[in-house]
Structures are given as structure tokens and as C-alpha cells.
Amino acid sequence: MSVPGSGNARFLVILALLLSAGCALSTSSRSVSDSSDSSESSSRSSTSKERQGRYREDVRTYTAVYLKSGGHVDAFEKQLGELARRYGVTDWESDEATYVGMGEGFSDAGVGPTELDTYKIQFARLDPLKIQAIQTGYDTRH
């Protein structure tokens, strides 16, 4: 089984997160090469953006798998927190990439507009910025 836009290995990691709460998965570490201060800062910024992009993609994949599996919201949010920690996201509930990724995942799972509205209320908890981020993610994949 493969998910559009992601490799089988990434999909399996997300699937493992979904199916085995509390399971510790190792992730590969990335190092930033030492160079001048300005290029090191630029590298960190680039690495940070790449990491944020991978995080959003994994949230997308995880959300789509979750919806297809019919899991519970509490388990979804707990595992989403675990995924965020693996990427160094300390407050996933305030991170825009989380909600954009969720919106993309809703689209990938084939969620229609009415069901999307329900998910926006459920996961964004009536926060207009989070609702907009979910809609943005959904629209980019739909």
C-alpha cells in the first residue's frame, strides 16, 4: 500500500505510529555541517524548513491513515503529539503546519466538504486560524 507523495518507509513509520501507541521508533538524525556563521545560519534555516515540510507531509499521511482506519480522536491526537516530538515540534496544537497537514490528509482520505466542516470544528476547536490552515491544506490537495 502506498500513499501519494511519500515513500513506503515513511508510510510504514506513520502506520506504526497509528497502530502501536507508545512504540518508540528511531528516526535518522541530520547534521548541519560547520562553516561560516552566516552559511551555518542559512543551513539551519533551510534544514528547519525542510524538517517542517517533512513534518507536514507526515501529518498528512498519518491523518489519511487515521481516517481510513476509523480510530479514536484521543488516540489520534496522542500519536500526533508523538509525531510532533520526533520532529522537535514542542507545541503541535499551535503549529500551523500541523493543521495544514491535517487538511491535506483529509483531502487524501477523500473527505467531502460537509465532513470536512465537522473535522474542522472537532480538531481546530473553533480557532479561525486553525480552521483556515485546515482549509488551506485541503484546498491544495483537492
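Let's start at Thr-63, which counts as buried because its relative accessibility is 0%, under the 20% cut-off. This is a predicted model, and Thr-63 is found in its helix H2, residues 37–69. Beyond its neighbours within four places in sequence, Thr-63 is in contact with Phe-76, Gly-101, Met-102, Gly-105 and Phe-106.

Two of these partners, Met-102 and Phe-106, lead on to the nonpolar core. The largest such core has 25 residues, and Tyr-55, Leu-80, Met-102 and Phe-106 have the most contacts inside it. At least two residues of this core come from each of H2, H3, H4, H5 and H6. Phe-106 itself touches Thr-63, Leu-67, Val-111, Leu-116, Tyr-119, Phe-123, Ile-134 and Tyr-138, again leaving out residues up to four places away in sequence.

Helix H3 is worth a visit too. Its buried residues are Phe-76, Glu-77, Gln-79, Leu-80, Gly-81, Leu-83 and Ala-84. With 14 residues at 1.5 Å a residue, H3 should span 20 Å, and its end C-alpha atoms are 20 Å apart, so the two values agree. Just after H3, Gly-88 takes a positive phi of about 80 degrees.

Now a word on confidence. The mean pLDDT of the protein is 78, and 68% of its residues reach 70 or more.

| Stretch | pLDDT | Contacts beyond four places in sequence |
|---|---|---|
| residues 1–9 | under 50 | 10 contacts |
| residues 15–40 | under 50 | 22 contacts |

Where pLDDT is low, the predicted coordinates should not be read in detail.

Definitions and conventions: Residues numbered from 1 in each chain as written. Predicted model: local features only at pLDDT ≥ 70, side-chain atom pairs only at ≥ 80, totals over all residues. Heavy atoms only, no water. Helix = DSSP H or I, 4+ residues; strand = E, 2+ residues; numbered from the N terminus. Buried < 20%, exposed > 50% of the residue type's maximum accessible area, 1.4 Å probe, protein only. Contact = heavy atoms within 4.5 Å. Core = buried A, V, L, I, M, F, W, Y, C linked by side-chain atoms within 4.5 Å. Expected span 1.5 Å × (residues − 1). pLDDT = per-residue confidence, 0-100.
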